[in-house]
Amino acid sequence: MREEDCIALLRRAGCSEDVIAHCRAVRDLALTYAADPLVDRDLIEAGALLHDIGRGVTHDLCHAEAGGAICRSFGLGEAIAAIVERHIGAGLTADECSLQGLAPRDCVPQTIEEKIVAHADNLVKGTRVITMEERMAYAIALPRRQRRRIRRLGLDMELFR
């Protein structure tokens, strides 16, 4: 999927120019983790560009779930919808989703492409790339197991750089 097509979908979903700029920054960082020939660079690019498509509807935690639904309504592939739904932090378990008022399903990144996009999003604040230490400082209010999952994802993904 071409960048122009992804940007058009973000706009169609109601995303602001700030959200679009953030999505581009996440895409740029995510692609630095995609040198391995086993990684689907096109999927990472589309998934990263569209990861916050749900922010056209809401800016709370529900934006990932809403974004997955938007992707499906636009006829995008399940692989892209899964990246969008599983990009929050290092993902949420079904129990964590339920506690947050979301559909009780496992939203922890499974594929390497899902993990790369989630990690890149963790390291982009607005359009600025931050360090893992900065990210962990922002995550201080999260439950310990979610912070551990973010740290572990970061360590795993650094192997792809």
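This report describes the pockets, nonpolar core, salt bridges and cysteines of a predicted model.

## Basis of the values

In this predicted model, local features need pLDDT of at least 70 and side-chain atom pairs count only at pLDDT 80 or more, whereas totals for chains, interfaces and linings use all residues. Residues are numbered from 1 along each chain as its sequence is written, and side-chain values use heavy atoms, with hydrogens and water left out.

## The largest pocket

The largest pocket has a volume of about 650 Å³. Of the 27 residues that line this pocket, the closest to its centre are Arg55, Gly89, Asp121, Asn122 and Arg135. On a 1 Å grid over the protein atoms alone, a pocket is an open set of points with protein on both sides within 12 Å along at least five of seven lines, a cavity is a set where a 1.4 Å probe fits but cannot get out, and lining residues have an atom within 4 Å of a point; grid points are joined across faces, edges and corners, and a volume is the space filled by probe spheres set on the points.

Helix H2 (17-31), helix H7 (112-122), strand S1 (124-125), helix H8 (132-138) and helix H9 (144-158) each supply at least two residues of the pocket lining, where helices (H or I, at least four residues) and strands (E, at least two) are DSSP runs numbered from the N terminus. The lining divides into eleven nonpolar, nine polar and seven charged residues, with Ala, Val, Leu, Ile, Met, Phe, Trp, Tyr, Cys and Pro counted as nonpolar, Asp, Glu, Lys and Arg as charged, and the others, Gly among them, as polar.

## The enclosed cavity

A search of the whole structure finds one cavity of 30 Å³ or more, and the largest cavity has a volume of about 80 Å³. Among the residues lining the largest cavity are Leu61, Glu65, Glu85, Arg105, Cys97 and Cys107, and the lining divides into eight nonpolar, no polar and three charged residues.

## The nonpolar core

The largest nonpolar core has 44 residues, of which Leu10, Ile44, Leu50, Ile53, Cys71, Ile80 and Ile116 touch the most other members; such a core is a set of buried Ala, Val, Leu, Ile, Met, Phe, Trp, Tyr and Cys residues joined through side-chain atoms within 4.5 Å. Helix H2 gives the most to this core, with eight residues.

## Salt bridges

The whole structure holds 16 salt bridges, each a side-chain nitrogen of Lys or Arg within 4 Å of a carboxyl oxygen of Asp or Glu. Glutamate 78 pairs with arginine 72 at 2.6 Å, N to O, and salt bridges that share partners join Glu3, Arg24, Arg27, Asp28 and Glu45 into one network.

Aspartate 5 forms a salt bridge with arginine 2, the closest N and O atoms being 3.2 Å apart.

## Cysteines

No disulfide, defined as a pair of cysteine sulfur atoms within 2.5 Å, is found in a search of the whole structure. For cysteine 6, the nearest cysteine sulfur, that of cysteine 71, is 9.1 Å away, and cysteine 6 is buried, with a relative accessible area of 0%. The sulfur of cysteine 107 lies 3.9 Å from that of cysteine 97, too far for a bond, and cysteine 107 is buried at 9% relative accessibility.

Key:
Buried < 20%, exposed > 50% of the residue type's maximum accessible area, 1.4 Å probe, protein only.
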